[in-house]
Amino acid sequence: MNTKVTIAGVTLQNPVMTASGTFGSGMEYGEFVDLNKLGAVVTKGVANVPWAGNPTPRVAEVYGGMLNAIGLQNPGIDVFIERDIPFLKQYQTKIIVNVCGKTVADYIEVVEKLGDTGVDMLEINVSCPNVKEGAIAFGQKTDALFDITSQIKKHAVQPVIMKLSPNVTDISEMARAAEAAGADAISLINTLTGMKIDIHKRTFALANKTGGMSGPAIKPIAVRMVYQAASAVKIPVIGMGGICNAEDAIEFLLAGASAVSVGAANFFNPYATEEIVRGIEAYMEQYKIEDVKELIGAVQS
Amino acid sequence: MQKKKLTATVKSQQKIAEGIYDLRLSTELAAEASVGQFICLYPKDKSTLLPRPISICEVDKDKETLRLVYRVAGKGTAEFSGLKEGETVEILGNLGNGFPLEKGAGKRVFIMGGGIGIPPMLELSKRLSAEKQIIVGYRDRDTFLKEELEQNGSVYVATEDGSVGSRGNVMDAIRENGLCADVIYACGPMPMLRAIKGYAQEKGIPAYISLEEHMACGVGACLGCVVKTKNIDSHSHVNNARICTDGPVFEAGEVDI
Ligand SMILES: Cc1cc2nc3c(=O)[nH]c(=O)nc-3n(C[C@H](O)[C@H](O)[C@H](O)COP(=O)(O)OP(=O)(O)OC[C@H]3O[C@@H](n4cnc5c(N)ncnc54)[C@H](O)[C@@H]3O)c2cc1C
Ligand SMILES: Cc1cc2nc3c(=O)[nH]c(=O)nc-3n(C[C@H](O)[C@H](O)[C@H](O)COP(=O)(O)O)c2cc1C
Ligand code: FES
């Protein structure tokens, strides 16, 4: 049985990765899962300088999911290179660094510093709904997305994955803009902007008022968007949004994703990622599928 | 000390005051639980997916049981209050740092709890060998855990309605009884912890306070549960520490509350 998939020339031992921001840099969940078993670890977004993030409460539960407004708190690229990359290099998993910034120059500074670190891929977050400047501003207009993607491509040593926002009118158009600008792959979906109000206190549940929604409640939207994006472009698509078990992951593969990321499900079940790896193998055995690639985009009308 | 998610069996559950439940769980986590740590409980209802943090109220290592005392505050705790003997619940533990016992050993200490912050002070009052003045604040005469605390030190009570002990809060009880201490341990609502921080600074004594924040992962990965810190935190490299992992107990002077 072959579970390997190749994205932009990087071969993952299986299509299961972690979703940025839900898995730190792997240290915390390394107590629960064997990081060697994962296709890739995608790290928390990192910027050129440390970011303090938003005030608390930063998380709130909603029906079948959660809202977060962490605000991309991160220790900055220098600490990250010194501490987090050496940690991850001890494992056989591939390393994908999620990059955030306020200006194009911020992104480029991080991308350049990562050039000789030996990480496998870069995921560019142009879709975080929780910070006021940068980030999502680059991910909601095709021309802005095209511009930042082509600029980053000029400076990146590693393959570039553009992480798309679902908070757009036409996801196919965004996917095509990223592809046209030279992105090696796209990943989606980032969180959907949401809000929760505490009716007893008559206050917003999050200090930031709005937050990004994730978890199983967003899965049907994510599957639809992955299908649309995968139909619009030739570059590989990494699918995520509400994946909690192997069945969910397989749905994304069938919709056209070459790999999947597991996010909020780690919070509900710290063993989720490894269980999904095993569950995909069990499904392949059950349906006598020799190569996981046979599943990619295999949905029929 | 590895963290685990596992299935615990309910040994017993009892309502001990209006809306307050006393839950005993059989779990191997008891063997390594330390005072001031917490565990998370997962509701079975899949519309409520996040783990619920609850402090460890008592540990019985021999019988491998953890005791939790909690208030029904919403959907998750309402579900837990229906758990019956022999039923199971998914838990994650042991989480957080716990109270530093060595700081108060042999000294005059205040062990202060307010409302649903009282439960973790029970195990602390048992484990700490010191001159223990236990000061607890309740809303009214529903003074849960008071008798058990009395077995471990001198107990002073404050109630909001004045029905038992001093009228007011734990600070009023300290003043009214003319109490003094070299070290403070506390858990309770934020206004109480702020008052304790102010008092400790004024007296120039350390105060170890247990904080609460909304959590998503409970294990330090999501950065949801931070508190502002005076110094740059060694993990985050900004002035934020994670309550679930670097806390929940902090020296009051280190945190901006
Ligand atoms: C370290 C720590 C220890 C705690 N120890 C105890 C204890 O010993 N006894 C006790 O009664 N309570 C304790 N709490 C508070 C307890 O976690 C909440 O009352 C509980 O999560 C409410 O869940 P719910 O589903 O009933 O409420 P809901 O309002 O339905 O919960 C919705 C969401 O908000 C979160 N939430 C709501 N209130 C709080 C809160 N005060 N703190 C953190 N998250 C909250 C829930 O976990 C859930 O994710 C502790 C909290 C923390 C952080
Ligand atoms: C707490 C939290 C933090 C996140 N941080 C980031 C981040 O730093 N960068 C990023 O690109 N996406 C971030 N995300 C979005 C996830 O990577 C993912 O796209 C989204 O949550 C949908 O997947 P899920 O439903 O499986 O969680 C975060 C999500 C959560 C819940
Ligand atoms: S709850 Fe996730 S870091 Fe504390």
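This is a predicted model: local features need pLDDT of at least 70, side-chain atom pairs count only at pLDDT 80 or more; totals for chains, interfaces and linings use all residues.
Over all chains, the whole structure contains 27 salt bridges. One of them is formed by A:E28 and B:R242, whose closest N and O atoms are 3.2 Å apart. A:E28 is placed in the loop between β3 (16-18) and β4 of chain A, and B:R242 in strand β15 (residues 240-242) of chain B, so the pair joins two chains. Both A:E28 and B:R242 are buried.

Within chain A, a salt bridge is found between the side chains of A:D184 and A:K153, with an N to O distance of 2.8 Å. These partners are 31 residues apart and link distant parts of the chain: A:D184 belongs to the loop between α5 (171-180) and β10 (185-188), whereas A:K153 is in helix α4 (residues 142-155). A:D184 is partly exposed because its relative accessibility is 22%, and A:K153 is partly exposed at 27%.

In chain B, the side chains of B:R108 and B:D182 form a salt bridge of 3.1 Å, N to O. Here too the pair links distant parts of the chain, 74 residues apart, with B:R108 in strand β8 (residues 108-114) and B:D182 in the loop between α4 (170-177) and β12 (183-187). B:R108 has a relative accessible area of 30% and is therefore partly exposed; B:D182 is likewise partly exposed, at 30% relative accessibility. A network of salt bridges in chain B links B:D22, B:R24, B:E58, B:R67, B:E123, B:K126, B:R127 and B:E148.

B:E213 is located in the loop between β13 (207-210) and β14 (226-228) of chain B. The residue is buried but has no salt bridge, and the nearest side chain of opposite charge, A:R58, is 8.3 Å away. A polar contact of 3.1 Å connects the side chain of B:E213 with that of A:T56.

Two surface patches were examined. In chain B, B:D140, B:D142, B:E160 and B:D161 form a negative patch. B:D142 lies in the loop between β9 (131-138) and α3 (146-150) and is partly exposed, with 33% relative accessibility. In chain A, a nonpolar patch of about 420 Å² comprises A:M195, A:I197, A:I199 and A:F204. A:I199 is part of the loop between β12 (197-198) and β13 (203-204); its relative accessibility is 64%, so A:I199 counts as exposed.

A:V49 is in the loop between β4 (40-42) and β5 (59-62) of chain A and is partly exposed, with a relative accessible area of 43%. Although A:V49 and A:D106 are 57 residues apart in sequence, their C-alpha atoms are 8.6 Å apart in space.

How values were computed:
Residues are numbered from 1 along each chain as its sequence is written. Chains are lettered from A and ligands numbered from 1 in the order in which they are written. Side-chain values use heavy atoms; hydrogens and water are left out. Patches are made of residues with over 30% relative accessible area and no salt bridge: like charges are joined within 9 Å, nonpolar side chains (Val, Leu, Ile, Met, Phe, Trp, Tyr) within 5 Å. Accessible areas come from the Shrake-Rupley method with a 1.4 Å probe; for residues, only the protein chains shown count as cover. A salt bridge is a side-chain nitrogen of Lys or Arg within 4 Å of a carboxyl oxygen of Asp or Glu. Lys and Arg count as positive and Asp and Glu as negative; His and the chain ends are not counted. The place of a charge is taken as NZ of Lys, CZ of Arg, CG of Asp or CD of Glu. Helices (H or I, at least four residues) and strands (E, at least two) are DSSP runs, numbered from the N terminus. Buried means under 20% relative accessible area, exposed over 50%, partly exposed in between (1.4 Å probe, protein chains only). A polar contact is a pair of N or O atoms within 3.5 Å; within protein, one must be able to donate a hydrogen and the other to accept it, and residues adjacent in sequence count only if both atoms are side-chain atoms.
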